[in-house]
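Here is a model to read with some care. The turns below ask what each label rests on.

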Amino acid sequence: MNEEVKVKRTRRRYDEAFRREAVALVESTGKPLSEIATQLGITHWNLRDWVPIYGQRSTAAQLEARVQRLEKENARLREQRDALKKAMGILAEPSGNASNS
């Protein structure tokens with residue numbers, strides 16, 4: 001029998017400082033991820049995964065998206081509040097058909 005032996009590769013671990021520097025290099029140079037990854041001796045998959053976590057552009061984009069979401073929610077809540085105020089005002093008005101005894 002001819003059995004193939006699979007060699008299990010050990011995972012390389014990169015510290016946070018290395019990751020941040022790699023992402024900063026991507027953001028500052030504008031070079032393709034694959035080119036920078038090759039220069040650093042890592043896979044472009046690693047670098048691609050680090051950009052949203054450690055990148056400054058992604059943080060700003062996340063904050064902008066959150067602000068937009070909160071502004072929409074705020075507008076919706078104001079509409080609900082105004083509708084409730086109007087409904088409460090209608091219910092609180094004395095009826096014009098009631099007889100004064």
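Q: How many residues apart are R20 and E16 in helix α1, and what separation along the helix does that give?
A: This is a predicted model. R20 and E16 sit 4 residues apart in helix α1, which spans residues 16-29. They are therefore separated by about one helical turn.

Q: What makes the contact between R20 and E16 a salt bridge?
A: The side chains come to 2.6 Å, N to O. The cut-off is a Lys or Arg side-chain nitrogen within 4 Å of an Asp or Glu carboxyl oxygen. The pair R20 and E16 meets it, with 2.6 Å.

Q: Why is R20 called partly exposed?
A: The relative accessibility of R20 is 42%. Buried means under 20% and exposed means over 50%. R20 therefore counts as partly exposed. The value for E16 is 42%, so E16 is partly exposed.

Q: How many salt bridges does a search of the whole structure find?
A: The search finds 4 salt bridges. Among them is the one between D49 and R48, at 2.8 Å from N to O. Another one of them joins D82 and R81, where the closest N and O atoms are 3.0 Å apart.

Q: What makes D82 and R81 partly exposed?
A: D82 has a relative accessible area of 41%, so the label is partly exposed. R81 is at 41% relative accessibility and therefore gets that label too.

Q: Where does D49 lie, in a helix or in a loop?
A: D49 is in helix α3, residues 44-54. Its relative accessibility is 38%, so D49 counts as partly exposed. Its salt-bridge partner R48 is partly exposed as well, at 40%.

Q: Where is G55, and which residues does G55 touch beyond four places in sequence?
A: G55 lies in the loop between α3 and α4 (56-92). Leaving out residues up to four places away, G55 touches V23, E27 and W50. A contact needs heavy atoms within 4.5 Å. L25 is 30 residues from G55 in sequence, and their C-alpha atoms are 10.0 Å apart.

Q: What makes the pattern of the protein chain α-α-α-α?
A: The chain has 4 helices and 0 strands. Read along the sequence, that gives α-α-α-α.

Q: How do you know what share of the protein chain is buried?
A: Of 101 residues, 13% count as buried. The test is a relative accessible area under 20%. The exposed surface comes to about 9300 Å², with carbon and sulfur atoms supplying 52% of it.

Q: What share of contacts joins residues at least 24 apart?
A: The share is 50%, among contacts between residues at least 6 apart in sequence.

Q: Which residues line the largest pocket, and what kinds are they?
A: The lining includes R9, T10, Y14, G41, I42 and W50. By kind, the lining residues divide into 3 nonpolar, 4 polar and 5 charged. Arg counts as charged, and R11, R12, R13 and R19 are among the lining residues.

Definitions and conventions
Residues are numbered from 1 along each chain as its sequence is written. This is a predicted model: local features need pLDDT of at least 70, side-chain atom pairs count only at pLDDT 80 or more; totals for chains, interfaces and linings use all residues. Side-chain values use heavy atoms; hydrogens and water are left out. Helices (H or I, at least four residues) and strands (E, at least two) are DSSP runs, numbered from the N terminus. Buried means under 20% relative accessible area, exposed over 50%, partly exposed in between (1.4 Å probe, protein chains only). Accessible areas come from the Shrake-Rupley method with a 1.4 Å probe; for residues, only the protein chains shown count as cover. On a 1 Å grid over the protein atoms alone, a cavity is a set of points where a 1.4 Å probe fits but cannot get out, and a pocket is an open set with protein on both sides within 12 Å along at least five of seven lines; lining residues have an atom within 4 Å of a point.
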